[in-house]
Amino acid sequence: MKQAVHFGAGNIGRGFIGALFSQSGYHVTFVDIADQIINQLNEEKQYQVKLATDRQESMTIENVSGLNNMTQENEVIEAIKHATYLTTAIGPNILPRIAPLIAKGLAARVKATDDILYVIACENQISATDLLKGYIQEHLDEDTKAHLADKVHFFNSAVDRIVPLQNNQGSLDVLVEPYYEWVVEASESLPNVEGMTIVSDLAPFIERKLFTVNTGHAVIAYLGYLENKTTIDQTLADEKIVAQVQATLDETGSYLIKQYGLDSDEHQHYINKIINRFKNSYLNDVVTRVGRSPLRKLGPNDRLVRPAIEAKKAGLSYNNLAKAIAAALLFDNKEDEEAVKLQSMIKENGVPHVLKEVSGLDENSELTKEVLSSYNALKK
Ligand SMILES: NC(=O)C1=CN([C@@H]2O[C@H](COP(=O)(O)OP(=O)(O)OC[C@H]3O[C@@H](n4cnc5c(N)ncnc54)[C@H](O)[C@@H]3O)[C@@H](O)[C@H]2O)C=CC1
Ligand SMILES: O=P(O)(O)OC[C@H]1O[C@](O)(CO)[C@@H](O)[C@@H]1O
């Protein structure tokens, strides 16, 4: 049986990428630090993926097992030696932490076989696989590095499926939205995985997805949080917030249409479809999950700051994106480590300094001034 090694047995790992591999005839070895999930995968050897609809259809995901990367290094290396695919869905900030072990796996693998290993990071981050490759290379010996081009092929990708926090402590089952899209940038044919789409240029796909799905979701989460809403669908019952989301997506849309020559009616249809996906009440998707890790989401290349910078560069409006950035700066969820850090940075040094440190914006830039003005208005 073909083998896939997937780092991150969480929501996207089990509910999306691992499930597609299993359904395509692969045995999936999940690698994670969560002992409970790993043990359960090894005991139960299957789980259910349930679709968040009124019909509650579900599918059984089989041929799965688990390894703990902290305590079973040798077993992970062995699994990498025999895999066709190595994928991750672990969070962009965690990639540097798993890179040393992947490097050991690659070093062992290139000695053992000439078969190609296909590596794909499935994270909400532009060029996540390139980043992962860079982290891995820091830990490779020269001999293994010399074999990379022949034997280990890296591909960037964009992943789109809403998988909320699971309300089923002690179960491996995962509730997911029915929709999914996994787009991989490759100039060669890859071993078949059902549901994977290959494209020659990922930029329009990942930017369209990140600056529509993720920008829109973030605006709802941060404005919803400020209005004391619990879930995304509850937040969307507020027409003022819906209008604000649409205005923000009009700004990212104008940039995307100009940059990639998209058809404007088709893009509006894409936006509407996404807002309808957000309204799915069966997902019960909490605003604190969607707004999680605000320091990452305020990064220069992420879903809020990058489209604002690009819109400004293109001479387009970015006021609503500035308001979205301001709302993110007000996310003070005490359960979120990054939100706690963000609030203490703002308290110590003020908003312009934080925008410089976290988002790479000049303290005197027009965008910083615009964000500050929205921040003060929203704070009242
Ligand atoms: N949940 C969603 O709807 C979507 C998430 N994504 C992206 O997928 C990635 C994963 O997100 P989720 O599955 O939602 O998160 P999650 O928190 O459900 O899963 C992450 C998994 O990584 C594991 N992990 C954390 N640190 C680790 C380490 N050092 N070594 C091994 N395992 C470790 C955790 O134990 C957890 O099982 C993120 O980059 C996210 O942006 C992308 C599209 C949709
Ligand atoms: O997973 P992140 O990057 O923290 O952000 C949450 C976002 O990712 C998703 O989980 C799926 O794309 C969305 O629900 C949301 O926009």
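What distance separates the centres of domain 1 and domain 2, taken over C-alpha atoms? And, with that settled, what surrounds ligand 2?

Guide: This is a predicted model, and its domain assignment divides the protein chain into domain 1 (2-200) and domain 2 (204-379). Taken over C-alpha atoms, the centres of domain 1 and domain 2 are 28 Å apart. Where the domains meet, 16 residues of domain 1 are in contact with 16 residues of domain 2, and the side of domain 1 that touches domain 2 comprises, by class, 10 nonpolar, four polar and two charged residues.

Turning to the part you asked about, the shell around ligand 2 is made up of Asn 124, Asp 160, Ile 162, Val 213, Asn 214, His 217, Val 290, Arg 292 and Ser 293. Because domain 1 (2-200) and domain 2 (204-379) both give residues to this shell, ligand 2 lies between them. Sorted by class, the shell around ligand 2 holds three nonpolar, four polar and two charged residues, and the element that gives the most to it is helix H7 (residues 203-226), with three residues.

Asn 124, which belongs to the shell of ligand 2, is also one of the residues that come nearest to ligand 1, together with Gly 10, Asn 11, Ile 12 and Glu 123, out of the 24 residues around that ligand. Two or more residues of the shell around ligand 1 come from each of helix H1 (11-23) and helix H4 (95-112), and H1 gives the most, with three residues. By class, the shell around ligand 1 has 13 nonpolar, seven polar and four charged residues.

If neighbours within four places in sequence are left aside, Ala 324 is in contact with Ala 218, Val 219, Tyr 222, Thr 248 and Leu 304.

As for annotation, an unreviewed UniProt entry places the feature "domain: Mannitol dehydrogenase C-terminal" at residues 201-378, and over residues 201-378 the chain is 72% helix and 0% strand, with its end C-alpha atoms 39 Å apart.

Definitions and conventions
Residues are numbered from 1 along each chain as its sequence is written. Chains are lettered from A and ligands numbered from 1 in the order in which they are written. This is a predicted model: local features need pLDDT of at least 70, side-chain atom pairs count only at pLDDT 80 or more; totals for chains, interfaces and linings use all residues. A residue is near a molecule or strand if its C-beta atom, placed from the backbone, lies within 6 Å of it. Helices (H or I, at least four residues) and strands (E, at least two) are DSSP runs, numbered from the N terminus. Ala, Val, Leu, Ile, Met, Phe, Trp, Tyr, Cys and Pro count as nonpolar, Asp, Glu, Lys and Arg as charged, and the others, Gly among them, as polar. Domain bounds come from an automatic or database domain assignment. UniProt positions are given in the numbering used here, feature names are shortened, and annotations may be inferred rather than shown by experiment. Two residues are in contact if their C-beta atoms, placed from the backbone, lie within 7 Å.
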